[in-house]
Amino acid sequence: MFKNIKFLTDLDLSSFNTEKVDSMSATFYECSAMETLDIGSFDCYTVKHAPFMFAKCSNLKTILTGPKTYFLYITLERGGLLSLPLPN
């Protein structure tokens, strides 16, 4: 959705309805100017895969999550895995 928008530094995602989304593959791929991303309003219970969701986001240091924002694993740029919190 925001793939290859290299100049993007700020993004308001608070009104996005993601409750029926099953793939978030490469959603923020190469958003290299972004340092912080707030996806706390995302409902990710139906997301089945999210490969390269944050790949090549070279300046991304903080991802803010919420009670319905969780993934088991997200592929990072170098093939590593990032584990985000699971709901209690």
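Leaving aside neighbours within four places in sequence, leucine 37 is in contact (heavy atoms within 4.5 Å) with Leu11, Leu13, Phe28, Phe54, Leu60, Thr62, Ile63 and Leu64. The model is predicted, so that local features need pLDDT of at least 70 and side-chain atom pairs count only at pLDDT 80 or more, whereas totals for chains, interfaces and linings use all residues. Residues are numbered from 1 along each chain as its sequence is written, and side-chain values use heavy atoms, with hydrogens and water left out.

Leu37 also belongs to the largest nonpolar core, a set of 18 residues in which Leu11, Leu13, Phe28, Leu37 and Phe54 touch the most other members; such a core comprises buried Ala, Val, Leu, Ile, Met, Phe, Trp, Tyr and Cys residues joined through side-chain atoms within 4.5 Å, where buried means under 20% relative accessible area, exposed over 50% and partly exposed in between (1.4 Å probe, protein chains only).

Three aromatic pairs are found in the whole structure, a pair requiring ring centres of Phe, Tyr or Trp (its six-membered ring) within 6.5 Å, with planes under 30 degrees apart counted as stacked, over 60 as edge-to-face and the rest as tilted. The rings of phenylalanine 2 and phenylalanine 16 are tilted, with centres 6.0 Å apart and planes at 45°. Phenylalanine 2 is buried at 12% relative accessible area, while phenylalanine 16 is partly exposed at 30%. The rings of phenylalanine 28 and phenylalanine 54, by contrast, are stacked, with centres 5.7 Å apart and planes at 0°, and both of these residues are buried. Ring pairs link Phe2, Phe16, Phe28 and Phe54 into a cluster.
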